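Hi everyone, thanks for having me.

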Amino acid sequence: MPALFFLIPLIGVITLNLPFRKLMKKTAFWFAAVLFIFQIVLVSSHRTSFWGTGLVQGSFFNVNFYVDHLTLIMLFSISIVSLASLLVARAMISDENKRFNFINLLITAAIGMNGIVMVKDIFSLYVFLEVAAVSAFIMITINKDKPALEGAFKYILLSAIATIMMLSSIGLLLLIAGDTSFGAISAAISSSPQSMLVKLAMAIFLCGLFIKGGLIPFHGWLPDAYSAAAAPASVLLAGIVTKVSGIYTLIRIVTSLFGFTPAVSKVLLLIGAASIVIGAFAALGQKDLKRMLAYSSISQVGYIIIGFGTGSVLGVTGAVFHLFNHAIFKSLLFVNAAAVEKEAGTVDMDRLGGLSQTMPITGTTSAIAFLSTSGIPPLAGFWSKVIIIIALWQAGYIAYAAVAVLTSVLTAAYLITMQRKAFFGNIAPGLERTKEAPLAICVASIILAAVTVGVGVFFPFVFNNFIMPVKEILIK
Amino acid sequence: MTIDLILLVMMTIAALWAVMARSLLKAAIALAVTSAVVTIIMFRLASPLAAVFELSVCTGLITAIFVSAISLTRPLTHAQTIAMSKNKFRRYWYLPVIMVIAAAALFLLKIKVDVPLPQVLAIDDVRNIMWNLRQLDMYGQIVLILAGSFGIVILFRESDKDGS
């Protein structure tokens with residue numbers, strides 16, 4: 001039945017674009033909302049009988065999807081961030097036609113991401129990566145303003161390079177294995193681990209994924225795309241698209257295909273540490289709120305990669321946990337940025353100030369998100385960072401652990417600066433008449449804040465039931 | 001073997017021409033030539049199906065779309081073209097250098113096929129490949145085309161407010 005996560009949205013998008021456009025334009029938002037809520041409920045109900053069964057044999061849709069615990073976590077993140085982006089779109093895109101097109105693209109992006117996390121075939125993975133990426137390119141430019149077009153163009157160019165790299169690597173792997181399924185490739189790689197051809201294929205594929213995930217030094221496109229994108233698109237892009245297409249894929253490919261060779265671990269640790277430090281320093285110097293969040297995103301993704309690079313059970317589960325947390329709190333910060341953009345008309349932090357007085361919900365949820373990002377207990381971000389740091393320590397990477405701890409202080413520094421400039425203190429001149437963000441944005445930020453607090457407070461339950469079982473990806 | 005080498009060199013030259021050409025129209029034609037050479041290479045590698053797709057889509061359809069899009073633009077004057085290409089060279093001189101270094105690195109690494117290669121399957125029925133073996137990818141294509149059509153609507157349809 002996991003095929004439903006692919007089929008229902010697909011049939012939905014096609015139906016929405018049949019005649020009766022007027023009616024469809026009205027129902028599009030509700031259809032998408034029900035779709036994402038349905039996905040959230042199904043994933044969190046955690047019923048094994050549902051996931052194991054396929055559609056009726058011999059039917060027109062004869063496709064196998066695979067679901068494990070990592071997939072479940074990703075499906076949950078995809079649906080919740082898409083829902084937040086949908087709510088922000090309702091408030092931020094006033095033109096009905098544009099909003100309708102945006103919702104359609106949001107659903108196709110969700111199909112793409114659902115596909116990415118459910119396939120076990122490297123070529124199908126590539127196809128769905130493209131689906132998600134193409135939808136994201138267009139969503140960025142929904143307002144057709146110049147910075148957004150420029151940001152999208154940079155994203156397209158670098159994403160195309162990443163795609164070419166992955167496709168060449170898939171070609172090499174097909175040559176080696178004779179098939180594109182994960183099982184066949186994994187068997188072929190483990191039977192000749194010293195082959196130069198295999199190493200070349202691995203190196204090219206990893207570089208492609210680093211570009212997709214926006215890691216240092218492959219991050220050139222990310223700040224422009226995040227900061228120039230239309231507000232609902234930046235929520236989706238920062239919250240989940242790059243996480244699924246870059247980081248999830250990296251985790252899946254390394255654990256299912258390449259395995260943790262010492263070289264792979266070393267590269268991951270180095271790239272992760274560089275991203276953490278450079279991302280945090282770059283974030284310190286930003287004046288534009290969304291740009292600062294973009295650099296912060298690079299830094300946080302670095303934590304995921306460095307934890308994953310240890311290759312231990314604790315490190316990998318910590319990385320997956322941080323991936324989930326980061327998807328939630330970074331989308332929350334971008335939802336808040338959207339609220340500020342809508343009400344104050346700018347995201348330049350020098351011109352903002354004291355917004356907590358007029359926008360209490362936005363100010364409070366933003367405080368929760370920034371505390372979670374900087375790793376303050378008992379919020380969700382604290383637990384995942386602690387697990388990653390313990391994993392680094394246990395694996396003997398003490399220098400990397402020290403980097404992770406020290407940069408955590410930097411994270412707190414730039415986020416406190418952000419919070420103080422935008423939300424605390426006296427209200428900035430010209431902003432006295434701002435009011436609380438529209439209801440849709442408030443609902444989105446309250447949902448995301450509730451998840452951040454809930455996961456943090458009920459950490460033992462969440463960790464044991466949802467996160468720890470992810471270790472199955474390490475045991476072949 | 002010699003023919004393959006000649007074809008590969010031709011492909012590289014055509015691809016370079018596509019990137020370096022001063023006019024967009026010539027670049028589009030050069031791209032079509034590149035695809036045509038790739039088609040021949042695919043035929044020689046016993047992949048007629050891929051070759052037919054390459055020929056019809058990349059050489060035919062895409063070139064037609066490019067040329068029709070270019071015909072809608074206003075061409076630059078000769079002086080502007082020369083200024084543009086000088087500017088382009090100043091900004092991107094390092095790209096060919098990187099390419100040469102990468103090629104040299106790959107050559108020096110002496111990457112050979114050093115793994116036992118699996119037997120290639122006999123050519124299967126196209127219908128079977130498309131609708132049974134790679135069914136999911138075909139559905140993915142459908143979603144991709146849908147997303148692309150929304151893109152065209154968003155980027156190219158003028159809204160009423162724009163006045164045209």
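This is a predicted model: local features need pLDDT of at least 70, side-chain atom pairs count only at pLDDT 80 or more; totals for chains, interfaces and linings use all residues.

Let's start with Phe53(B): what does it count as, buried, partly exposed or exposed? Phe53(B) counts as partly exposed because it has 13 C-beta neighbours inside 10 Å.

You can find Phe53(B) in helix α3 of chain B, which runs over residues 48-71. Now look for Thr39(B): it is 14 residues away from Phe53(B) in sequence, and their C-alpha atoms are 8.6 Å apart in space.

Let's stay with chain B for a moment. Its domain assignment gives domain 1 (1-75), domain 2 (80-110) and domain 3 (125-159). The centres of domain 1 and domain 3 of chain B, taken over C-alpha atoms, are separated by 23 Å.

Now, over to chain A. Here the secondary structure is 20 helices and zero strands. Along the principal axes, the C-alpha trace of chain A spans about 70 × 60 × 45 Å. Why do we say its size agrees with a compact globule? A compact globule of 476 residues would have a radius of gyration near 23 Å, and chain A has 21 Å, so the two agree. In chain A, 58% of the 476 residues count as buried. And if you take the contacts in chain A with a separation of 6 or more, 81% of them are between residues 24 or more positions apart.

Let me pick out one helix, α12 of chain A, residues 262-284. This helix has 23 residues and reaches 33 Å from first C-alpha to last, close to the 33 Å expected at 1.5 Å a residue. Among the buried residues of α12(A) are Leu268(A), Leu269(A), Ile271(A) and Ile276(A). And what covers the buried residues of α12(A)? The cover includes α9, α13 (289-309) and α18 (398-422) of chain A.

Finally, how do the two chains meet? On chain A, 33 residues are in contact with 21 residues of chain B. The elements of chain A that give two or more residues to this side are α1 (4-16), α5 (96-118), α6 (122-140), α7 (146-177) and α9 (196-213). The largest share, nine residues, comes from α6(A). By class, the side of chain A that touches chain B has 20 nonpolar, twelve polar and one charged residues.

That's my tour, and I'm happy to take questions!

Methods:
Residues are numbered from 1 along each chain as its sequence is written. Chains are lettered from A and ligands numbered from 1 in the order in which they are written. Helices (H or I, at least four residues) and strands (E, at least two) are DSSP runs, numbered from the N terminus. The radius of gyration is taken over C-alpha atoms; the globule rule is 2.2 Å times the number of residues to the power 0.38. A residue is buried if 20 or more other C-beta atoms lie within 10 Å of its own, exposed if 12 or fewer, and partly exposed in between; C-beta atoms are placed from the backbone. Two residues are in contact if their C-beta atoms, placed from the backbone, lie within 7 Å. Ala, Val, Leu, Ile, Met, Phe, Trp, Tyr, Cys and Pro count as nonpolar, Asp, Glu, Lys and Arg as charged, and the others, Gly among them, as polar. Domain bounds come from an automatic or database domain assignment. The expected span of a helix is 1.5 Å times one less than its number of residues.
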